[in-house]
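Please keep the structure in view while working through the numbered points.

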Amino acid sequence: MQAKRLITYLVLFCLAILMLMPFAWMVLSSFKEEDEVFTYEMTWFPAKITFSGYYRALTEQPFLRYALNSVLVSVIITIAQLITGVLAGYAFARLKFPGRNLIFMAYLAAMMIPGQATIIPSYILIRKMGLIDTFAGLTLPFLAGPFAAFMMRQFFLSMPTALEEAAIIDGCTRLQVLSRVVLPLSKPALASLGLFTFMGAWNDFMWPLIIINRDTMRTLQVGLAIMRADIYPDWPMMMAASVMATTPIIIAFLFAQKQFIESLTFTGVKY
Amino acid sequence: MRAKWKRLGNEQTKTAILALLPSLIIFCVFTVYPILYSLYLSFFNASLLSAKRVFVGFDNYANLLQNPTFQRAVSNTVSYTLGVVPIGIALSLLVAVLLNSKLRLQSFFRAAFFSPVITSMVAVSIVWAWMLEPNYGLINGLLAKVGISGPGWLTDPDWAMTSVVMLSIWKNLGFNMVVFLAGLQNIPREINESADLDGVNSLQRLICITIPMMRGPIGFAVIVSVIKAMQVFGQIYVMTGGGPANATMVIVYYLYQQAFEFYRSGYASAVAWVLFIAIFALTLLQNRLLKTEI
């Protein structure tokens, strides 16, 4: 029994080291000098810790602008998805109206459509609206989604209706019921959906790639990919940029592991 | 009384329409209309650069199926999927089974395996490109220390797809692991206890108890992974750009290139619809599995 435990630990440790190795390589390389990486003898540790890679990423590349664009885009999309998702989900779950089942079926079917299947017409549409290289163009198609409505509907259906009925008898309007009774009880679902949406928007790559031409409008993901396309690769700078792009999310994850895992897997059947 | 009910019903309809409207507008404009319009476009010879288009019937689909690069993209996507899914599922099942016992450092292990899932594909693809750099990268550096001269990885047509597969397995392992951990919790304790009494060893237990009991979660993870694998794009764009010599050309990268580098919107729409139908079928299968198994 003791030997078995030991083997379990050993296997897990080896695998965990393999999993963390790319991160270690990223962090250690980011502190190397620009030409230090071009030595034939591979070394893990920088000869002298330098921040010049970070300096170049922040000064020679509009890294901060990319990051700001990403934050703005992700925040706008997340807030909008929460609002539209709650409203639509509540309508599907609690209100009777003609065509409800039909529209809901259409939403369900649409969840099976991969984003790439609609990307060409969406691009043509955004271009016709004159929204290439704008925040509106980056966010508009993602301000609402069938998944958000579906998830909120499922959550509302799992809630008892007694409180809401009492509030209506007391003279609340539907909107008041939603904002004062239902939403305060929906915090876990909102957090889950919000986190999931934020991560999706933050990591989205193909849409910003095609909708943005101007350097200053690029999101972090597109900006990073463009740095990589340089024929003279400045690896320490790229690693520094990757460190800066990933650590905020990793730190948030370490503090809220459970929420992240739940949100990305149980919400994330769609992912 | 009846009239009052009717009025209430009408009011409810009004409220519902107002609540649904923002979501419904975006849904119609950016999902319903585009999917129908891309079907329409797929029957035309159309370009993103001009408004002129010529109806060509099923020509785009016929050309597509005969195009050697598209055929290459399909076969590459299949081999990518066959590389990523079985190995990825087996590894994450192994990790989940190991993690499912009472262990110290459990949350450390879970975090270590899950953190690639939350980081951006572009960033980790750049890190992997640097790890796999032939002359100065980590992997060949480590191989050199034990006397092996490593391949050019991303620049070698024989190794480029393997490189992308390795990255993708690493990136998604944590996702399936969590799905399996949840599934393992649902195996009744009595079954494992009676297996212990009967002196069943670990391997027998894995094959005869765990895997059969986990049919549902495994089936689910397989289909989700296959759907994800068919949409592979970011790592290809960053690491190889479909090369060398189309060795990593996959369906979505082909679609991207045809539409946004060669501006062939009609032809690329046909690609989009072929992909859509394949994924739609898989998702239907997944929903059936979800209903019957989980």
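1. Pro244(B) sits in the loop between α11 (234-239) and α12 of chain B. The peptide bond that leads from Gly243(B) to Pro244(B) is cis, and its omega is near -15 degrees. Helices and strands are named here from DSSP runs, helices being H or I with at least four residues and strands E with at least two, numbered from the N terminus.

2. Residues are numbered from 1 along each chain as its sequence is written, while chains are lettered from A and ligands numbered from 1 in the order in which they are written. The model is predicted: local features need pLDDT of at least 70, side-chain atom pairs count only at pLDDT 80 or more, and totals for chains, interfaces and linings use all residues.

3. How confident is the predictor in chain B? The average pLDDT of chain B is 89, and 95% of the residues score at least 70; pLDDT is the predictor's confidence in each residue, from 0 to 100. Within chain B, confidence is lowest in α8(B), with a mean of 79, and highest in helix α12 (residues 251-260), at 96. For the complex, the predictor gives an ipTM of 0.90 and a pTM of 0.91.

4. Chain B contains 13 helices and two strands. Its radius of gyration is 25 Å, well over the 19 Å that the globule rule gives for 294 residues, so chain B is more spread out than a compact globule. The radius is taken over C-alpha atoms, and the rule is 2.2 Å times the number of residues to the power 0.38. Along the principal axes, the C-alpha atoms of chain B fill a box of roughly 70 × 65 × 30 Å.

5. The domain assignment divides chain B into domain 1 (2-41) and domain 2 (60-293); such bounds come from an automatic or database assignment. The C-alpha centres of domain 1 and domain 2 of chain B are 38 Å apart.

6. Strand β1 (residues 44-47) of chain B and β2(B) run antiparallel and are joined by four bridges; strands count as paired if DSSP finds at least two bridges between them. The two strands β1(B) and β2(B) make a hairpin with two residues between them. Ser47(B) is placed opposite Ser50(B) in β2(B).

7. Is strand β2 (residues 50-55) of chain B buried or in the open? The number of its six residues that are buried is zero, so β2(B) lies largely in the open. A residue is buried if 20 or more other C-beta atoms lie within 10 Å of its own, exposed if 12 or fewer, and partly exposed in between, with C-beta atoms placed from the backbone. Helix α8 (residues 189-197) of chain B likewise has zero buried among its nine residues, so α8(B) lies largely in the open. Just after α8(B), Gly199(B) has a positive phi of about 70 degrees. Over chain B, 45% of the 294 residues count as buried.

8. Ala268(B) belongs to helix α13 (residues 265-293) of chain B. Ala268(B) is buried, having 29 other C-beta atoms within 10 Å. Beyond its neighbours within four places in sequence, Ala268(B) is in contact with Ile120(A), Leu255(B), Gln258(B) and Ala259(B); contact requires that the C-beta atoms, placed from the backbone, lie within 7 Å.

9. Which residues other than glycine have a positive phi? One of them is Trp153(B), with phi near 45 degrees, located in the loop between α6 (138-145) and α7 (160-185) of chain B. Trp153(B) counts as buried, with 24 C-beta neighbours inside 10 Å. Another is Asp133(A), whose phi is about 65 degrees. Asp133(A) lies in the loop between α5 (115-128) and α6 (135-139) of chain A and is partly exposed, with 16 other C-beta atoms within 10 Å.

10. The contact between the chains takes 64 residues from chain A and 75 residues from chain B. On the side of chain A that touches chain B, helix α1 (residues 2-30) of chain A gives the most, with eleven residues. By class, that side of chain A has 49 nonpolar, twelve polar and three charged residues. Here Ala, Val, Leu, Ile, Met, Phe, Trp, Tyr, Cys and Pro count as nonpolar, Asp, Glu, Lys and Arg as charged, and the others, Gly among them, as polar.

Methods
Two residues are in contact if their C-beta atoms, placed from the backbone, lie within 7 Å.
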